[in-house]
Amino acid sequence: MFKKFCTLGAALLVGVMALSPIVATADDGSDWPRYHRLDNGWRYSPLGQINTDTVKNLKVAWIHQPGDIQHGLQATPIILDGIVYYVGANNNVFAVNGASGETIWHYQPELDPIVRRVFYQAATRGVTVGHGMVYLGTLDGRFIALDQKTGKVVWSRQITNLEECYGCLFSSPPQLAGNVLYGGTTGGDQPQRGKVYAVNALTGEPAWTFDTISDDPKSWPGDTGEVGGGGAWLPGQYDEKRDSIIIGTSNAAPDFFGSIREGDNKYTASLVSLDAPTGNVKWYHQEVPHDVWDYDSSYETVTVDHNGREVMAHLNKGGFVTVLDKADGSVVNVWPLSETYNWVESIDPKTGKLIGRNDPVEGKEMTLCPYLLGVRSWNHGAYSPKTGLWYTNAMEVCNRIIAAPQNHEEVGLAGLYLGVSVLEAVDPPNSKASARLDARDPVTGDVKWSIDYPIPGLSSVLATGGGLVFNGDVHGKVYAYNAENGNELWSFNTGSGIRSGIVSYSANGKQYLLVPSGFGSHAPGFMATAFPDVVGLPGGAALIAFALD
Amino acid sequence: MCSALLGQPQINKPSMSCQRIIFTSLLCLGLCIAGATTLVANPKQIIDDPTHIEAGKIRFAQNCAYCHGAQGSGGKHKKLQCRDFKNDYLFDVITNGMARGSYFMPPWDHFSEEKRWELVAYLQSLGKLEQCNG
């Protein structure tokens, strides 16, 4: 009888916790509770203490160093009630006092030695906080829940087996959708079958798995899907109104050699809406059917109101932004961020259909644009509701490739299954490789202003209620621009490149700008022939907080 | 011991093939302790052979170029062209990987020794490019 009572009590408790809000009900801007601050993907802080007039007075308030600099510091911190939660290299998780920079607690899991043998080493894009816990996706394929106050392990669940599933590690924080914790793995460029995994956020018990590789033989003939890549390596976003998860999937593999996998290769290179409790597909839009250019759909969605309709602007690596209805995934518009694309002639703005494909041909040297890092790398843009503009880094670089067969059985744990015999970043035809920060209308793509960068910016952008846009470069400089016109108002040299999420929060009534500085990125390896000055930039790792005097 | 390892009935004296197995095992163990030494009889034959260099070139493009740059032009770390490397050093790094500061390189020991020497061959050929004389 007592056992039944306890079971009932526990069930009631779980039910109540499931209904509890994950974030503070009153959003005064003091927190940065989710990866993009909110699941609308804006990366916008409404705080205005640091503004176009006062930003010139910013000073360093404190610095926190995680100690391990391997592959830099790539996280977007989470801030709740003045406490900063972030993760450094090799899954070192910290809770830090947001006013003083002092460590409150530190946790590092004992990682499987296999993490030293994989391609995507050391770096993670953040942690997630909710239900009184701090959630980590590990480099050796686990979800771990830590007590938010103490950093002690509450539960740990092994999700993937890296010996069998190459590249199947978590390089991004799993996200919350109610009391479901979900996340996808890396590995779109590796010979594996990528998935999105979900567990009960309170207990770690498995909830569901979404296979990004469809089992339709017309989509994936024979067993090509088993090494078809896929996965979803960036955080998804929760549509709380519809209890849906919106997540973008990886490219298909082998990346450039598609003749062995004829078919549309669903659901790679797609934006998918999943029912949060079950993982069932509600709708999907495959932006690049039969992807043969490594054009992932993994990047963030930005939700805005358009003529009374909730739409999402979504950038695909291939350089096009698709604007979709958030309710049903129908296409509202498609516009090019890339100015030099040549992989298609165009994309139908009403349907998203590709027009005039330019597929790689086996043995033929071709220049394809954009290159495999895309018109922008994974570093996110930001949207300001004050200006109605989306601010994003962009670059114009192409691939010189020769598509070639590659034996997937010879691809090691750290190898990529690209299907090329030549791969080199080059200038676009008739122009030079270039980079910039754009301010654009997210629905139409109209440019408001643009600033040239000598080397592509690899930091995520921040927009603020103080009328500012913050961006970082690969040398470590963080810039503040006037959000309306792009005028540079302030900069600071942090000493090592910025590959992370710049955020803002307040503690004890004071607004802070928080810049995770410290270079580490796979991008230089791919882009160096187009941007030689990116070679050998210094590494580092320091979380730097700025405030006004 | 050898028979037990081979799952065969115990015999009093090790056979010749068993002796060879024991000898080879001990030799391998010694070499492993000594470092990433090769069992390829003459690596120089691979390093100087154009066919092996070409094989290494393709393997480099498929596995190494995305960190080291196309043709070793540099990427995450400085360029591999026009350098003065020792063969054994290259073989060791390819086999075991390395970590230095913020940089890391995973091990590529899943490739056979011959395939790793082919990569060494290609890398050494990058030290003889025309631009290296300038």
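Predicted model: local features only at pLDDT ≥ 70, side-chain atom pairs only at ≥ 80, totals over all residues.

In chain A, what percentage of the contacts with a separation of 6 or more comes from residues 24 or more positions apart? The figure is 62%. For the complex, the predictor reports an ipTM of 0.84 and a pTM of 0.90.

Let me begin with chain A as a whole. Chain A contains two helices and 39 strands. Along the principal axes, its C-alpha atoms occupy a box of roughly 65 × 60 × 50 Å. A compact globule of 549 residues would have a radius of gyration near 24 Å, and the 22 Å of chain A agrees with that. Of the 549 residues in chain A, 60% are buried.

In soluble globular proteins, nonpolar side chains tend to be buried together. Here, the largest nonpolar core has 187 residues, and A:V127, A:F470 and A:M527 have the most contacts inside it. Helix α7 of chain B, residues 113–125, gives the largest share of this core, with six residues. As for A:F470, its contacts beyond four places in sequence are A:V461, A:L462, A:V478, A:Y479, A:A480, A:I502 and A:L513.

α7(B) has 13 residues and spans 18 Å from its first C-alpha to its last, close to the 18 Å expected at 1.5 Å a residue. Among its buried residues are B:W117, B:L119, B:V120 and B:L123, and the buried set also includes B:R116 and B:E118. The cover over these buried residues includes α3, α4 and α6 of chain B.

Next, the interface. Contacts between the chains involve 33 residues of chain A and 27 residues of chain B. On the chain A side, the elements that give two or more residues are β30 (420–426) and α2 (523–527). The largest share, five residues, comes from β30(A). By class, this side of chain A has 16 nonpolar, 14 polar and three charged residues.

A word on confidence in chain B. Its mean pLDDT is 78, and 71% of its residues reach 70 or more. Residues 1–18 of chain B have a pLDDT below 50, and beyond near neighbours in sequence this stretch has eleven contacts in the model. Residues 30–35 of chain B are also below 50, with two such contacts.

Finally, some backbone geometry. Most residues other than glycine have a negative phi, and most peptide bonds are trans. Chain A has exceptions on both counts. The bond between A:A253 and A:P254 is cis, with omega about -5 degrees, and A:P254 sits in the loop between β17 and β18 of chain A. A cis bond also leads from A:C369 to A:P370, with omega near 0 degrees; A:P370 belongs to the loop between β26 and β27 of chain A.

As to phi, A:H290 has a positive value near 45 degrees and lies in the loop between β19 and β20 of chain A. A:N307, in the loop between β20 and β21 of chain A, has a positive phi of about 55 degrees. Is each of these two residues exposed or partly exposed? A:H290 is partly exposed, because 19 other C-beta atoms lie within 10 Å. A:N307 counts as exposed, because it has 7 C-beta neighbours inside 10 Å.

Methods. Residues numbered from 1 in each chain as written. Chains lettered and ligands numbered in written order. Contact = placed C-beta atoms within 7 Å. Helix = DSSP H or I, 4+ residues; strand = E, 2+ residues; numbered from the N terminus. Nonpolar A, V, L, I, M, F, W, Y, C, P; charged D, E, K, R; others polar. Rg over C-alpha atoms; globule rule 2.2 N^0.38 Å. Buried ≥ 20, exposed ≤ 12 C-beta atoms within 10 Å, placed from the backbone. Core = buried A, V, L, I, M, F, W, Y, C linked by C-beta atoms within 7 Å. Expected span 1.5 Å × (residues − 1). pLDDT = per-residue confidence, 0-100.
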